[in-house]
Structure formats: structure tokens, C-alpha cells
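Please consider the following note alongside the sequence and the structure. It is written for a reader who is new to structural description.

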Amino acid sequence: MMQVSFALLGHLRGGPAKVAVVSSAVNGLVSASSVANVVTGGIFTIPLMKKAGYGGVRAGAIETASSVNGQIMPPVMGAAAFLMIEYVGIPYTDIIRHAILPAAISYIALFYIVHLEALKLGIQPMMATGPVRTPLQKLAGWGMGISGTLLVMGAAYWIGTGVQAVAGAAAIWVLLAILAALYLWLLRVAAAHPDLPQDIDINHPVRPQPWPTVRAGLYFLIPIGILVWCLSVEELSAGLSAFWAAMAMLFQMVTQRPLMAWFRKQDAAPAWRQGWRDAIGGLQEGARNMIGIAIACGTAGLIVGAITLTGLGLRMTAFVELVSMGNVLLMLIFTALVCLILGLGMPTTANYILMATLMAPVVVELGAQNGLVIPLIAVHMFVFYYGIMADITPPVGLATFAAAAISGEDPIKTGIQGVTYAARTAILPFMFVFNPALLLIDVNYGWELALVVAGATLASLTFAAATMRWFRTRCTWAEVGVLLLATFMLFRPDWFMDHFAPQYESRPASDMLTIAAAMPDNGRLTVVLRGINLEGDELTKTVAVALPALEPGADASGAAASSVDAPDVASPAVGRQRLADAGLTLMSLGDQTQIGGVRFGSRAQRSGWEQGWDVLEVKAPNPQRWSDHWVYLPALLLLAGMWMRQGRRDGGSPVGRLRPGTA
């Protein structure tokens, strides 16, 4: 993966830093250890970045910031993300869907940051670019590569589902035979060419050719494909999916060397012995890595259990509300600081367990009492992100110390610089808590998805430019303010639209069943409840629940029906069934509607719905409100005007008026 990154990016300005970013993102697909990511990739990238002109502190900080973000990159995301399934109660495929956009824009922003650093420092490419190609040829090459990847992924999906439809119970054996044939063919292709060098020459780096580099390791993608298939298509449990992926990797470790030797007509006996040694060594390393996590999780479980049994957990809401004075933003800042402090002495997984158990319900509850619907997954992602940030923040950032040991620089300075680069990751949790569209919640596929992705990506780039004080050239403080304003407009367009028209219109509680029936699949039903909590206080809070699609052929009583696509699709009976699927039962008492029951472990129970509480009103989407995406237009005009202004001021020079050697 490191060599593929060098083949694609090594010839660019600041190439080693861009290789560090991309290789860490790709390694994050399979390895969620930030320290391991720093050690494996930083051995090559940090010396090369120093040689390119970044300096030791910047080199270590770039490697640290990119490696830490490997834990937020789906599909693996570390042990904490697998625990999120139990806490949030949603499939792992939904967690991947919610996590993909923040992870992607975080890496895109870091890639842009290292490019801006290269411009500021006047860094030139270190490696030869190879044959000169026109922009059209480059575009065609990238287009063919991306389209070919998408075609292969689509073919894998349709072949797999087609075999399942045709072969029935024997599909698993047919698919295993297809995978074995694919594995043998890819190994034969790799064996027909010389092996790639095991190390990268730091003193005299040479850019490898892209296709031969990719071709040499295509068979390594098979275990990743098995993991994604089991999680997203078969919808197996996270543990079982990881088990089958690990079994596939162990099979590869044992067989790849002997099969390569056999294809090359060499003696396979030494290769068999080496393959078994690799597999046993991998099992031993995995067990060693899990010891620390297991002890930390066990200790965290003791703390959580003690807090729950003593009743201290019930006082957390009052304590946090007192500290934050009922302000959700202050409460989130307090939660982030606690995550960073806990991260000084425990790994990410244990940190997540504590904060998800103690603080996540408090944040959701306090937000509901203030009329703000915060999805539970957004709060869990919030504490997950800030638990990861503890690996980079001084004075005890393990990934920072690992990078500083390679660069030979001071770890505190490296950590401070790394925090500067990681600011674009630190701002994201606050954004997606208040704007769940960044987690692809309530986002429809098509143009809306494209607009959300484009707006979030541009916002991350704009924020990176503001933190670096560099857009087209060096920015004044007033221009930094404009960049931050544009960032906020792109990240939170709903905040501006709220000043023109409310997001919801109030509907009577008697319309709840009809509105629930008309909601799209997984659309969120939002209501205002009033009731008495366990402490005897009368409260009013706003809650929401995602309504699953009504199963085909089921009527309101769960019995078989002729069609749910009949004209009465928005009838109260359909709405009652959808609420029941979400875990809710309603009681109508004259003009009043009350929550009759909340099924334990259901979506509604995890979203804060309370049995016996009265439904005051239903918040239906406001049809008079314009789309939030119209706010993108003034943001784009601000950025375009600033781009032209900087071009006129500095003559369009990419490095402004910096003197040689200055930053």
C-alpha cells in the first residue's frame, strides 16, 4: 500500500507528505492502530519528508495526523466502532455509512494542508515524473482507473448475488471456488513479474510504476472484500465478519509464498515453512496487541458498573447541566475535554466505553430538553473522534512520541504542530452533531447526496486554508475571517435558513399516525413529549426516531396483506405498524395521545422516548422552507471574490511574495 501511494503521488510537489496521507488512509482500511500506522509508514515517509524540506517537526506531525485518522476510516475503524453496534443498536453497515463522509473529507483536508505547506516552503518534486503526459491523458488515466475500480466492484456484487439466486444452498461453495480461482489467477499474474523491493530507498528514492505496483498486490484485497461483503451484503455480525476476513488472511499468509514458488518453478518447501512462520507470528502479534485493549476494557467495565450500581450515573445529567448551564455547545466542549483527559492514560477503546456509557445519553437528553434533536450515533461518533484525538495531543500522545522517535525531534513540539494539522478533524464532531446531514442522516440519494458531499468537502478545504492562513497566497486576518465564514456557511447551511423559515411546522398529536405512515424509509419522526422523570420533575423534550420501511405484505396487525402500495399507504393503520416496528405503542385518550409502550432495546428506546409521556405536538417538515443548499451560493461567491482579490494583489503567484527560504 505504501508503494502504491508512492507510485501514484511520489512525483508531486511535497510528494512524501502526500504519500504519508494517502497510505495512512489506505492502511486505515485494515489497521486501526494509530501507533502501528506511524511506525510502519513513518519509517519511510518521515525521513523522505525531512529530505524534501518539511523539517523534522512538520514531518512527524504530518505522519501523526494522518495515522491517527486511520481509526476513523471505514470499514474497520478499530474495536471501538464494533462496540458502537451494541451501544447505538444499528447495523454496522449504517455505522460505515455515517462514518464515511467525515473520514473522507478529513483526509482530503489534510492532503490539502500538506500541499499548502509545500507551496509555503517552496518544496519541489523529489522523484522523476516519468513520461510527460498532457492534462487530457492524465484525466483519461484517472478516469479509466476509477471507472475500472467501480466496474470491478459492481461485477463482484452482481456475480455474488447472482450465484446466490441461482445456486441456493450451494452458493457458498460456488463462491468459495470462484474466490479460489481468482486468488490463483492473481498470484499467477504477480508471479510472472519480479517481486517489488521490500524497502524504499530513502537516500535515492525512485518512483515505481503505478500498474506494476498495483498488480503485484491485488490478491491482498480479497480479505478486505470478504470483510466488506459479510458486513454490507450478508449483514453478518461484526465479530463473524471479522472472523472470516481473518481466516482468509491466514490462508493467504500460509499459501502465497508456496504458490508463488510453484508458479515460478522453484522449490516450495522453504516457502511453506516461511508461510507457517508468518501465520503463527501474526497470531502471536494479534494476541499481544489485544492484551492491553482487553485489560483496559475490563477496567473500564468495572468503572461503568460501579457508577451504574451506586446511582452516580443518574446524577450525571444534573451535573453536566449545572456545568454547562443548559448550553449544548458548552456541554459538548466539556465532553471533548473529558475525552482528551481520559485519553492521557487509556487507549481509544476504553475511552470510548466510558464516555459512551456516561456522557452520550446525557448529551442526547440535555439536547432534547433544549428542543434540539441530536441523533445518538452523532454523539457516539463525537466521543469516538475525541478519544482518538488523545493519541496526538500532548503531553501524552502515543502516536506523537512514536513519530518523534523516528524524526529525532522534540515530541511536545511535534504534538503541538500535529494538533494544528488535526484541527480540521477536531471541528468535524461539532459540525455533525448540529448538522447530522454530514453523517448522511436524512439525506436522500441523488442530487441531495452530491450537494452534501461537495459542500462538506469544500468546507473542509476552506477551513484548512484558514488554519494555514493560505488560500491562493498568504491571507490577511480579515481574509481568514472570510474563510471561516464561508466554512460555517458550507458546514451549517441550516443555521442560516432557520432565520428565514423554521425547519418544522407544528401539527397536532392526533396527526401522528398519518404523518408516520407518509414518512420515507428511515425518515425521522420528530415529536415533543411532556412527562415526569424518575426524580419527579416535569420535563418537556423533543425526540425523534427513524421509522423503518414497512415490510412488504404486512398490514397493521402484522398479518399478510395484498399490497402495501395501495392508496391507503398513508392510513393510520400503516403508521401504527411503522411505529410498532420502531418500538412504539400509542394510546389515544380523547384528544390526547400518549406513549403507551417503548420496547426495550428498540430504536425508540435508544432515542430517548419515554413510556407514559404525553405527545404535545408533532413536528412535520415545513413545506414553505427553501432547501438549505441555497446557502452554498453566497459561500461560493465569497470564495470566488477572495480568489480573484488575492490574484490581483499578488499577481497570481502560487507562492505570493515570500522570500526564498521563508515560511
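The points below cover a helix pair, the cysteines and one histidine.

1. This is a predicted model, in which local features need pLDDT of at least 70 and side-chain atom pairs count only at pLDDT 80 or more, whereas totals for chains, interfaces and linings use all residues. Residues are numbered from 1 along each chain as its sequence is written, and side-chain values use heavy atoms, with hydrogens and water left out.

2. The axes of helix 8 (residues 171-191) and helix 11 (residues 238-263) come within 9 Å and cross at roughly 50°. Helices here are DSSP runs of H or I with at least four residues, numbered from the N terminus. Axes are lines fitted to C-alpha atoms over the stretch in contact, with angles from 0 to 180 degrees between N-to-C directions.

3. Residues of helix 8, including Tyr-183, Leu-187 and Arg-188, meet residues of helix 11, among them Phe-251, Thr-255 and Phe-263; contact means heavy atoms within 4.5 Å.

4. The whole structure contains 0 disulfides, a disulfide being a pair of cysteine sulfur atoms within 2.5 Å. Cys-230 is buried at 8% relative accessibility, and Cys-475 is buried at 2%. Buried means under 20% relative accessible area, exposed over 50% and partly exposed in between, with a 1.4 Å probe and protein chains only.

5. His-380 lies in helix 17 (residues 376-389). His-380 has 2% relative accessibility and therefore counts as buried. Leaving aside residues up to four places away in sequence, His-380 touches Met-84, Tyr-87, Val-88, Tyr-352, Ala-356 and Ala-360.

How values were computed
Helices (H or I, at least four residues) and strands (E, at least two) are DSSP runs, numbered from the N terminus.
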